[in-house]
Amino acid sequence: MGVAAISERLHEGVTHYHAQIGGDVPAAELTRLEGKLMKEASRAVYAQQWDEALNLFTHGLAVSETTTSSADPGTRGTYAHNIRFCLHCMGEFEAAKAYYEQSIECLQKVEVPMSQKILN
């Protein structure tokens, strides 16, 4: 499909999902929804249902963008990594590469506590 077509498809899906969520949903409910979407996406990955997993991960990203979790580069990087994995498994290598690079960029911004650095 190519990067442009896949990016457009994902953007349309996220934009549509944003509109469905609305602005009056409590943050706690959004957090629960995000967790549920991640669990369902993981199940789809284990079942090798790549389209379904990709759809669920992008919806999870959309929910995270309406909460404070999207400000966390680790969260955004994890979503980008999961989307990349699905795209890779679907044979969309060029698009997967773009999401892989985005994931690396986000995850490099994660600050590891000094205690964890010492343990590592």
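**Entry 1: after helix 2.** I began at Gln 48, which follows helix 2 and has a positive phi near 60°. Helices here are DSSP runs (H or I, at least four residues), strands are E runs of at least two, and both are numbered from the N terminus. Gln 48 sits in the loop between helix 2 and helix 3. I noted its phi because most residues other than glycine have a negative one. Gln 48 is exposed, at a relative accessible area of 57%. For that word I used these cut-offs: buried is under 20% relative accessible area, exposed is over 50%, and partly exposed is in between, with a 1.4 Å probe and protein chains only.

**Entry 2: what I am looking at.** This is a predicted model, in which local features need pLDDT of at least 70 and side-chain atom pairs count only at pLDDT 80 or more, while totals for chains, interfaces and linings use all residues. Residues are numbered from 1 along each chain as its sequence is written, and side-chain values use heavy atoms, leaving out hydrogens and water.

**Entry 3: the whole chain.** I found six helices and zero strands. Of the 120 residues in the chain, 33% are buried. I also looked up contacts (heavy atoms within 4.5 Å). Among those between residues at least 6 apart in sequence, 63% join residues at least 24 apart. The chain exposes about 7,400 Å², with carbon and sulfur atoms supplying 55% of it; such areas come from the Shrake-Rupley method with a 1.4 Å probe, and for residues only the protein chains shown count as cover.

**Entry 4: helix 2.** How far apart are the end C-alpha atoms of helix 2? They are 29 Å apart, which agrees with the 28 Å that its 20 residues should span at 1.5 Å a residue. The expected span is 1.5 Å times one less than the number of residues. The buried residues of helix 2 are Leu 30, Glu 34, Leu 37, Ala 41, Ala 44 and Val 45. Seen down the helix 2 axis, these buried residues fall within an arc of 95°, so they line one face of the helix. The arc is taken over directions from the helix axis to the C-beta atoms. On the other side of helix 2, I listed Arg 32, Lys 36, Lys 39, Arg 43 and Tyr 46 as exposed.

**Entry 5: the core.** The largest nonpolar core has 20 residues, and those with the most contacts inside it are Val 45, Ala 53, Phe 57, Ile 83, Cys 86 and Leu 87. Such a core is a set of buried Ala, Val, Leu, Ile, Met, Phe, Trp, Tyr and Cys residues joined through side-chain atoms within 4.5 Å. Helix 3 gives the most to this core, with seven residues. Leaving aside residues up to four places away in sequence, Ala 53 touches Ala 41, Ala 44, Val 45 and Cys 86.

**Entry 6: Asn 82.** Is Asn 82 buried or exposed? It is buried, with a relative accessible area of 15%. Asn 82 is found in helix 4. Not counting residues up to four places away in sequence, Asn 82 touches Met 38 and Phe 57.

**Entry 7: two rings.** I found one aromatic pair in the structure. The rings of Trp 50 and Phe 85 have centres 5.7 Å apart and planes at 80°, so the pair is edge-to-face. Rings of Phe, Tyr and Trp (its six-membered ring) pair if their centres lie within 6.5 Å; planes under 30 degrees apart count as stacked, over 60 as edge-to-face and the rest as tilted. The pair links distant parts of the chain, with Trp 50 in helix 3 (residues 50–64) and Phe 85 in helix 4 (residues 73–89), 35 residues apart. Trp 50 counts as buried at 18% relative accessibility, whereas Phe 85 counts as partly exposed at 32%.
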